[in-house]
Amino acid sequence: MTVPPDGSGLTESLPMPSGDLLIGGEWVAASDGGRREAVDPSTGTVLSTIAMATATDVGHAVTAAAEAFPAWRDWPAQRRRDVLFELARLIEAHDLELGVMRSLETGAPLKRKRGSSLAAEWTKYYAGWVDKIEGVTAAPYSGASLSYTLPEPYGVIAALTPWNGGIVSAAMKVVPALAAGNSVVLKPAELSPLGPLRFGELCLEAGLPPGVLNVVTGGAEAGAALVADARVGKISFTGGGATARRILAAAAANLTPVILELGGKSANVVFPDADLDLAATTSVQTALANLAGQGCVLPTRLLVHTDVYDEVARKVTAMAQAIKVGRPFDEGVQMGPVIDSANCDRILDVIAGATRNGAGELLTGGERIGGDLAGGYFVAPTVFGDVDNRSELAQREIFGPVLSIVRFTDEDHAVELANDTEYGLGGLVFTGDVDRAHRVAKRLSAGYVGVNAFPPMPPNAPFGGVKQSGFGREGGREGLFEFLQIKNVFVGLT
Ligand code: NAD
């Protein structure tokens, strides 16, 4: 496909999903006929409508997954592996189209060279694991015996993904679950369902048997029905803390194990010996331009040593002002809109409150962008300086293009400020001192730390949080074994 510079006509030329539910290999309407509009946040126009699954539909999806599970589990490993490699090939073959779909439904600038390659990378990585899953043989403990372990799938996995990840979130959860031999019911966020639905189509095309992956689009009602279903073997949820608490309460009723990937307020700690241009550029690209700040792990608190504070604040402010904000298909655009009207209003309220309360000094931004972009939900890249780390501005996850700069005096102070948050997802350290880099990385209360770089979510590294950023890991061997339970077999030898 070709993408016109203004994106016009794309919804007509794209193979858009029907917007129905994928249950047992069939595309079906919601049982009560309910549908929701999928809206392009860069223009406010309706892209298509999407089925809203009822609790009954979710029950059917779990039944389909439970029925499909035993045969899928028992497939020879190389057959399961080959289906997942074929899926990766299809994702790559449809890379641009998937990237366009993501840009349409989230407003994120189109990466013309790699629309969805991260999803393909995660798929290939876990496809490669399928025929390498091994248990261990233990030393005989008492008498003549043989003791060994069998890693076994849980059965039906409930996968609940957030709107900012689209097909990448789907691949990060669904593919390792399938690689481990589970079946899956995927409940994508209601705000960006098109990518996950297209992912479902590609899974069928790749040869995944009917019912092994089911996709039920819908809202809180569908999610609640899914996590309360006693037939679910494990829940993997990515989203906000309030929803996570409701999920844990539902899971408690059935003692269903849970993986939680939640929010963050990650610190980016910049020492005077750092490459300050690199630190400032990384800060602006990740905390502001990238996804308009709507990412769990983005370093939204910039902690700067007082000796270089003025220089870094000046650079960051100038770079924020130079970000090209626009529609996802505009030439050279670096930052898109926020996801919807409600979130746009909420972010502007947080900014107004912080300005009123003197949480910090507004250095740039703070307003909604009008003019040609008035139809979409565009918030100007916003930077606050000299922010009080205890203020709501520095403590609360804003999920919008708002960066808080906080001053520190020495290494201990930096670590204290970085860890002084309820969250513990990510952290960055910029320094030219190798010893300090490792020392601070070790002292940060976070699951994911980058030194002089923002980690690009490689599939072979475990990703996840500590404290209120959740528990469990996605990525790497750890991410695979989240979807396996270990059985021990003890054989008495006579
Ligand atoms: P959210 O918690 O509002 O919603 C997530 C999903 O949960 C939605 O699909 C929703 O329909 C569903 N849901 C709502 N109520 C439910 C219930 N009672 N039971 C089951 N499901 C229910 O989050 P969001 O707005 O989609 O995403 C933003 C949040 O996600 C932020 O906090 C962000 O930090 C977090 N996030 C975390 C990661 C990570 O990997 N750590 C990645 C991306 C986003």
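Q: Are Phe271 and Phe408 buried or exposed?
A: Buried means under 20% relative accessible area, exposed over 50%, and partly exposed in between, with a 1.4 Å probe and protein chains only. Both Phe271 and Phe408 are buried. This is a predicted model, in which local features need pLDDT of at least 70, side-chain atom pairs count only at pLDDT 80 or more, and totals for chains, interfaces and linings use all residues. Residues are numbered from 1 along each chain as its sequence is written, and side-chain values use heavy atoms, with hydrogens and water left out.

Q: How many aromatic pairs does the structure hold?
A: Rings of Phe, Tyr and Trp (its six-membered ring) pair if their centres lie within 6.5 Å; planes under 30 degrees apart count as stacked, over 60 as edge-to-face and the rest as tilted. The structure holds six such pairs. In one of them, the centres of Trp72 and Trp75 are 5.1 Å apart and the planes stand at 55°, so the pair is tilted. Phe271 and Phe408 form an edge-to-face pair, with 5.3 Å centre to centre and 70° between the planes.

Q: Which ring does the charged end of Arg407 sit over?
A: A charge sits over a ring if NZ of Lys or CZ of Arg is within 6 Å of the ring centre and within 35 degrees of the ring normal. Arg407 has its charged end over the ring of Tyr309, 4.0 Å from the centre. For Arg80, the ring is that of Trp72, at 5.7 Å.
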